Amino acid sequence: MKFDTILVFDFGGQYSHLIARRVREYNVYSEIIPCDVTPKEVDALQKKYNVKGIILSGGPSSVYSENAPKIDPRMLVLGIPVLGICYGHQLIAHISNGKVIVGKRREYGVARITIDKGIGVLKDLGSKEKVWMSHGDTVHELPEEYEILAHTENSPIAAFRHKKRAIYGLQWHPEVIHTENGMKMLRNFVFGVCNCKANWKTEKLIEKGIQEIKNVVGNKKAIMALSGGIDSSTASVLATKTLGKNLTAVFVDHGFMREGEPEFVKATFEDLGMNLILVKAQKRFLDKLKGIIDPEKKRKIIGGEFIRVFEEIAKNIGAEYLIQGTIYPDRIESGIRKHSDKIKSHHNVAGLPTKIEFKGIIEPLRDMYKDEVRKLAETLGLPQEIVWRQPFPGPGLAVRIIGEVTEEKAELVRRADKIVTEEIEKSELKERLWQYFAVLTDTKTTGVKGDSRAYGYTVAMRAVESKEAMTATFSKIPYSVLERISTRITNELPLITRVVYDITHKPPGTIEWE
C-alpha cells in the first residue's frame, strides 16, 4: 500500500523535520528530501509514495545570496500543490518574477498578521492571527498571477497564493508552537488543498528501525551506546530484538551524571535482560576537559572520548558496529544537512572524531522526534519510568557548567540539580514539563550568609514545556516553588549565593545553555 505523502524540501532551516513531524501528527506520511531534486526524481518517488503535496521549508539563506539553495522552477507546474514557508515563501515569489527585498525591520518572534482573504491554507481563521516570524528579507511585489492573502505592519505580503494553481506562501512558521493556529493552517494544506487521507501511523518506524539494524549488522556483533535516557533505551530494545545476544549495551559513567544515575541504569537494564557493561571513566574524562572553556570543544572532547571507550570495549568483545540513540534534533542542531547552520555540536553527531574504528555507526531513530520515540518505547514495552524520563544531554552535567569543568563544580551542579528535581516533582508540575534542571554559571556574586559577606556562584534554573524539543516555551513556575528551590540551593550549598530563573523561549534560546 502506498501512503499519501507530503514531501518537505529541505533548505537547511532548523524546522524542516519539524514541518514533517507536524504532518505526521495527522497520520499522513512525510518525507524530507534535498531541495535540489529534479521533477524526474519527484516523479520516481511516486512509485514508492502517493505524493500529494510539497512544502518548501525555511532556511538561513537569502534568495540573493551566492550559492543560495533553489528549486527547479518546473516544480511549480507539476500539478502538485506547493506551500512555501519563510524562505520557501520568498523563493516562490523570486522564481515567479516577484520582488524580494531586505526588510526595513527584521521580524523575529511573535507577530500579528491581518488576514485579507481567508481561503485555502488560511480558511476558517480569524481576521487577526498570532504567528511566529523569523526573517530579514520580505516579499515586496508579486507577479500578476498571484494575490495577497495576509499582511503585517512590516510585511505587506505575509501570505499569498497563485490565482489558478494550488501554490501558497506563508512568511511565518506555522509549524512552531508559537503560531497559535499553525496546526490548523497545515491541516488546511494537507487535507483541504492536497486532499490527503490519514493512512499512516508512527508504529511503521519500528519495522524500519529493525530492518536497518538487520541489513547493516547481519549476524555480526554490535555495541549499544546506552545513556539510560529514552532515546538510547528505545534504540537498545530495537537492537536487542534484532540482534539478541550479539548486542552488548555499554554505559559510560563519565562523572557528569545526575545523582543515582549509574545505579538506576545498571539495575533497570539488567532487569530487562540485556548484556550490559558499565565503565567507570570519571577521571579519564575530567583530565581531558582540564582547562577547556569553549562549549564546542567540550562537546567534541566528550564525543571523542566516548568513541575511544566504545572502541576499546568493542575490541575486547569482537564487536564491529556501534548503535546510537541519536534523534533528529541532535542532528539538525549540529548542522549536518547541506544548507543548515550549526547551532551546537552534539557529542554523538558533530562531536564524533573523524577517525573511527567501527565498520559502521547505526542510528535507527535519527529521523524521529522525542514524542515519536516515546510512542515507540511504549509500544516496545519499556518501563514507564524510562518512557517519561526528562531528556538529559549525553555530555551530561559538563554542558551545564559554564566555563571550565572541575570536580567541585560537577558536584555543585549535581546537588543543585537534585534539589530542582525534588521540588518540581514534589509540586506535581512534572507532568507538564519537558525538562527542568540547574545550570552552574561562571558568574560569581556577593551574598550575605550568617550576617557575613559571601562571594559565590550563581545557579540558573531552567524549566520548559515542549512536545518535540525543536521548539519550547519557558514554564511559568509558581513563585512559591521557585522560592523553595532558591532557598534550598543557597542554604544547602554554601558555595552558591544566588539563584536566577531562565525565561527564554526556544527559539531564540536553546533548551540547554551550551
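Analyst: The largest nonpolar core has 113 residues, and the members touching the most others are Phe 9, Phe 256, Phe 310, Ile 323, Ile 424 and Ile 489. A nonpolar core here is a set of buried Ala, Val, Leu, Ile, Met, Phe, Trp, Tyr and Cys residues joined through side-chain atoms within 4.5 Å. Buried means under 20% relative accessible area, exposed means over 50%, and partly exposed is in between (1.4 Å probe, protein chains only). Keep in mind that this is a predicted model: local features need pLDDT of at least 70, side-chain atom pairs count only at pLDDT 80 or more, and totals for chains, interfaces and linings use all residues. Residues are numbered from 1 along each chain as its sequence is written, and side-chain values use heavy atoms, with hydrogens and water left out.

Not counting residues up to four places away in sequence, Phe 9 touches Ile 33, Pro 34, Cys 35, Val 37, Val 42, Ile 54, Ile 55, Leu 56, Ser 57, Ile 71 and Met 75, where a contact means heavy atoms within 4.5 Å.

Five strands form an open sheet with parallel pairing, in the order S12-S11-S10-S13-S14. Strands (E, at least two residues) and helices (H or I, at least four) are DSSP runs numbered from the N terminus, and two strands pair if DSSP finds at least two bridges between them. Strand S12 (276-280) and strand S14 (360-362) are the edges, each pairing on one side only. On average, neighbouring strands of this sheet are turned by 25° against each other, direction ignored. Axes here are lines fitted to C-alpha atoms, for helices over the stretch in contact, and angles run from 0 to 180 degrees between N-to-C directions.

At one end of that order, S13 and S14 run parallel and are joined by three bridges; Tyr 321 has Gly 360 in S14 as its bridge partner. Helix H6 (residues 230-243) lies across strand S10 (222-225), strand S11 (247-253) and S13, and runs at about 160° to S10. Helix H7 (residues 261-271) also packs on the sheet, touching S11 and S12, with a direction about 165° from that of S12.

The lead-in to S13 is worth a stop. Glu 320 is in the loop between helix H9 (295-317) and strand S13 (321-323), and its 23% relative accessibility makes it partly exposed. Leaving aside neighbours within four places in sequence, Glu 320 contacts Lys 220, Lys 221, Phe 358, Lys 359 and Gly 360. Phe 310, one of the core residues mentioned above, is ten residues from Glu 320 in sequence and 11 Å away in space, C-alpha to C-alpha.

Further along, Thr 421 sits in helix H13 (residues 407-426). Thr 421 is buried, at a relative accessible area of 18%, and its contacts, leaving aside neighbours within four places in sequence, are Gln 390 and Tyr 436. Strand S15 (residues 435-449) runs antiparallel to strand S16 (residues 452-465), with twelve bridges between them. Across this pair, Leu 440 stands opposite Val 459 in S16. The hairpin has two residues between its strands, and there Gly 450 takes a positive phi near 60°.

Cys 86 is in the loop between strand S4 (82-85) and H3; it is buried, at 5% relative accessible area, and has a positive phi near 55° despite not being glycine. After H3 comes Asn 97, again with a positive phi, near 70°.

Zooming out, buried residues make up 58% of the 514 in the protein chain. Of the contacts with a separation of 6 or more, 75% are between residues 24 or more positions apart. The C-alpha trace spans about 70 × 65 × 40 Å along its principal axes.
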